[in-house]
Amino acid sequence: MTHMPEYVDGLPNIAGQEATIEKALADSRDFAFLPSSHIDFGAIKSCCANALHMHQPLIPAGGSDLQTAEIIGNLQDMMGHQDIGDNHNAPGFQWCYKRIGEFIPQLVGEGHNPRIMLEYSGTLFHGLRQMGAHDVLDALKNITVNPDYARCVEWLGMPWGHAVAPSTPAQDYRLHVKAWQHHFAALFGLDALKRLRGFSPSEMALPNHPDVAYEFVKTLRDCGYQWVLVQEHTIEQPANGWGPEQKHLPHRLDCTNSKGETASIIAIVKTQGSDTKLVAQMQPYYEALSLERWDLAGKSVPPMVTQIADGENGGVMMNEFPGKFMEVAREASGSRTPMVNPSEYLEYLASIGIGEADLPAAQPVFQKMIWDRMKPGDGPDKLAKVIEACKKEDHRFHMDGGSWTNDLSWVRGYDNVLGPMEEASSAFHERVLAKNSPTNENRYRKALFHLMSSQTSCYRYWGQGLWTDYGREICRRAKDIVTYDYPG
């Protein structure tokens, strides 16, 4: 088995072993979870699935001069300045990143059958290692590679730098997806990589511009993913433009571009609500308790109530989640409403003859308005005109994508950050990607590391001030590195 080092020339292993990654994904088994699930899906009435999203950005804060400061993890900076703002939460955050690695072995040791999905950004992985939090990564590795625990934990892929898909250039987003797979395989091994099935887009941001959405899904499929987690209000039924009716069943997300090409992937629907409170109090379990089996493609199947939340932010997540997770795991194990992970659920559906084609269709929100006015294949020029016409007809219409909140755009109002981001991306594309530069060179990793670090959502979400300065500075470095290391 090929060994992938976690660091190469002082940088995280984020590129250079694409062939190894592709071979591992091609060798992955159809059923990676169901054979060891210990769940009789034919006998249960319903189930629930919870995911924990973990992220800390990288910031130029390792020194007093912004232009020369070392790029470090935000958690490390918080640890060093616990007297400022909310930084006193830093030790609690660090425990949040580790604690699921303690809960799963305890519950399994008690004879229970817990489940959790985990999604950690590449910037967090690097930041934890850089600050010496080896115990956190060791605890995560134990529940990932130990077969006694691995059946309970499903890792979700994500963009390495926590980039938001609607406003990140498609070629860059693909680099984020591949970089995360590199980093994950280097941390936890190729066997763990082979079990990757699901993808969680940062901020639950699903592109709804037809051409961007198509590239998003195509990237996921090309990188081996079988399903994606989506927010309920970011998708619609193609026939009528309404939201999903059977939100506790998987859907087939069909994304067609202006050229008439279609890319599809299974969508697991996360329902709306106050995410941290719902997961901290294990609401999906209690909702699932009230449900009975539903009909899907002529067969009786258990509905799956799904939620995701930040795994560390907020008092309810830091303080209430541990006790409630343990309580529900003990109560649900062996019951008719167990905890599950989506991939074992999808494997069960496949085992009884239900495939992607049998699932209810969905598309990104507002696309019905577009396809009512043009046909797939009419081209990007016609699409641009239709979009402008739709904006004039309906003030609610937008092509900014949908995310975890209806009132936050990841595009509007961030020109002072998006400008430098676009400059860095353009320079990387012209000087590196367009010339097919080798991905196993240190200069490539260095340029890619800075480009992806600059594209984290934090530099937009926090709007103005220091975070904007951080984002602009990393963009500057990314552009300078590309210009210096790839002259001409």
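Predicted model: local features only at pLDDT ≥ 70, side-chain atom pairs only at ≥ 80, totals over all residues.
Local features here need pLDDT of at least 70, side-chain atom pairs count only at pLDDT 80 or more, and totals for chains, interfaces and linings use all residues. Residues are numbered from 1 along each chain as its sequence is written, and side-chain values use heavy atoms, with hydrogens and water left out.

**View 1. Helix H4 packs on helix H5.** H4 covers residues 122-130 and H5 residues 134-145 (helices are DSSP runs of H or I, at least four residues, and strands are E runs of at least two, numbered from the N terminus). Their axes sit 7 Å apart at an angle of about 130° (lines fitted to C-alpha atoms over the stretch in contact, with angles from 0 to 180 degrees between N-to-C directions). On the H4 side, Phe 125, Leu 128 and Arg 129 meet His 134, Val 136 and Leu 137 of H5 (contact means heavy atoms within 4.5 Å).

**View 2. Phe 366 and Phe 397 make a tilted aromatic pair.** The ring centres are 5.6 Å apart, with 50° between the planes (rings pair with centres within 6.5 Å; under 30 degrees is stacked, over 60 edge-to-face, the rest tilted). Phe 366 lies in the loop between strand S16 and helix H14, and Phe 397 in the loop between helices H15 and H16, 31 residues apart. Phe 366 counts as buried at 18% relative accessibility (under 20% relative accessible area, 1.4 Å probe, protein chains only). Phe 397 is buried too, at 4%.

**View 3. Seven residues build one aromatic cluster.** Tyr 97, Tyr 120, Phe 125, Trp 155, Trp 180, Phe 184 and Phe 188 are its members.

Terms used:
Phe/Tyr/Trp six-rings, centres within 6.5 Å; stacked < 30°, edge-to-face > 60°. Buried < 20%, exposed > 50% of the residue type's maximum accessible area, 1.4 Å probe, protein only.
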